[in-house]
Amino acid sequence: GMFMISAFYVTSGWVTGINDKPITAKELFKKRIRQLGVPYLWFSVLIILFDILWVTLGLMESSILLREIYKTVVLRGIGTLWFLPALLGGEMLFIYLNEKNKKIKSLAYILCFALIVIINKYIPNLFPKNEILQFIVYSLTRVVKDVCDTFIYISIAYYISNANGRAIFNSKKRYQFTIGIALLSTAFYIFNFVSGRYSNNEIIETFLFMTASCCSGFGILLLFKSIEQFKPLSAPLSYCGKNSLTIMAFHFCLLLQIALIVDKNIFGCSNYYGDRTIIYFLIAVILQIGIIEFINRKFPYIIGKSKN
């Protein structure tokens, strides 16, 4: 999941870096409100309506519904929808600071990294005896952390792309593939075998996590670029990429939640597991394609597009 989120951030910074025509903060804000803000509102409303249905049917506690309404209002987002406000905020912060002098930008990077470390270390258990207050504060501070994360990832991708982006994209496919695999392998190794050793040092752990996230983002970008001519793989990946917003919005927040409800209330299991996970996944994929095509053809404005 984090691999794909990182790819969003890296792609954003990469495209900005190789773009010959600079964009102003005002132009970017108008564009991203349509591309990110409108889908955030629509998807949030749709998911909340489904939650109201589950609560009415007695399949979900009302407290969960209230939590998701709060998360929507403070821009924490339901499920994976958090990345939309984070991407919007991170991009706007980057564009605003990009024309500032090096001292201001350096101070911004240090401040953002410090906020990430502080929020990671202290906020999750700030009010251990008050669950509601803990949830309220954590949701708010996570918005700040996610924007800071995004800002740093976009900046790294921008500077690498601005310096060598075209040369990298014009290099031989086998080089792109090899480097992409190497970066993804590095990210996997850091995530699974290195970062855990520094769980008592939030600064090092945060640095390692961000390094691995950048590696995964660049790795996915180069890997996809290297196989763009191999249609059996590039075609389905391209389809998922073009419709990634709908996939990320509905797969976790709706389809997997339906699977959990079915497993709990029909099969009597608190969590689905075993062979049923494969069946649920296949059903979810089929339903997801149907949802994608339905939205694209009938309601494209939900994802910020105009109807043809």
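In this report a residue is called buried when its relative accessible area is under 20%, exposed when over 50%, and partly exposed in between, with a 1.4 Å probe and protein chains only. Helices are DSSP runs of H or I with at least four residues, numbered from the N terminus.

The structure is a predicted model, in which local features need pLDDT of at least 70, side-chain atom pairs count only at pLDDT 80 or more, and totals for chains, interfaces and linings use all residues. Residues are numbered from 1 along each chain as its sequence is written, and side-chain values use heavy atoms, with hydrogens and water left out.

**Helix H3 and its buried face**

The expected span of a helix is 1.5 Å times one less than its number of residues. Buried residues in H3 are Leu 65, Glu 68, Lys 71 and Thr 72. These residues line one face of H3, because they fall within an arc of 125° when seen down its axis. The arc is taken from the directions that run from the helix axis to the C-beta atoms. On the face turned away from the buried side, H3 carries the exposed residues Leu 66 and Val 73. The buried residues of H3 pack against H2 and helix H6 (131–169).

**The packing of H2 and H3**

Two packed helices are described by the angle between their axes and the distance between the axes. Axes are lines fitted to C-alpha atoms, for helices over the stretch in contact, and angles run from 0 to 180 degrees between N-to-C directions. Helix H2 (residues 25–56) packs with H3 at an angle of about 170°, and their axes are 10 Å apart. H2 is therefore roughly antiparallel to H3, a term for angles over 145 degrees.

Contact means heavy atoms within 4.5 Å. Among the residues that meet are Tyr 40, Ser 44 and Ile 48 in H2, and Leu 65, Ile 69 and Thr 72 in H3. The contact of H2 with H3 comprises seven nonpolar, three polar and three charged residues. Here Ala, Val, Leu, Ile, Met, Phe, Trp, Tyr, Cys and Pro count as nonpolar, Asp, Glu, Lys and Arg as charged, and the others, Gly among them, as polar.

**Individual residues**

| Residue | Relative accessibility | Class |
|---|---|---|
| Ile 69 | 35% | partly exposed |
| Thr 72 | 13% | buried |
| Leu 75 | 40% | partly exposed |
| Gln 176 | 1% | buried |

Ile 69 belongs to H3 (residues 62–73). Its C-alpha atom is separated by 8.5 Å from that of Ser 44, 25 residues apart along the chain. Thr 72, leaving aside neighbours within four places in sequence, is in contact with Tyr 40, Ser 44, Ile 48, Gly 77 and Ile 78.

Leu 75 lies in the loop between H3 and helix H4 (83–98). Most residues other than glycine have a negative phi. Just after H3, however, Leu 75 takes a positive phi of about 75°.

**Helix H7**

Helix H7 (residues 173–194) has 22 residues and reaches 30 Å from its first C-alpha to its last, close to the 32 Å expected. Its buried residues are Gln 176, Gly 180, Leu 184, Ala 187, Ile 190 and Val 194. They lie on the same side of H7, because they cover an arc of only 165° around the axis. Beyond its neighbours within four places in sequence, Gln 176 is in contact with residues including Ile 168, Phe 169, Leu 222 and Lys 225.

Key:
Helices (H or I, at least four residues) and strands (E, at least two) are DSSP runs, numbered from the N terminus. Angles under 35 degrees count as roughly parallel, over 145 as roughly antiparallel, 65 to 115 as roughly perpendicular and the rest as oblique.
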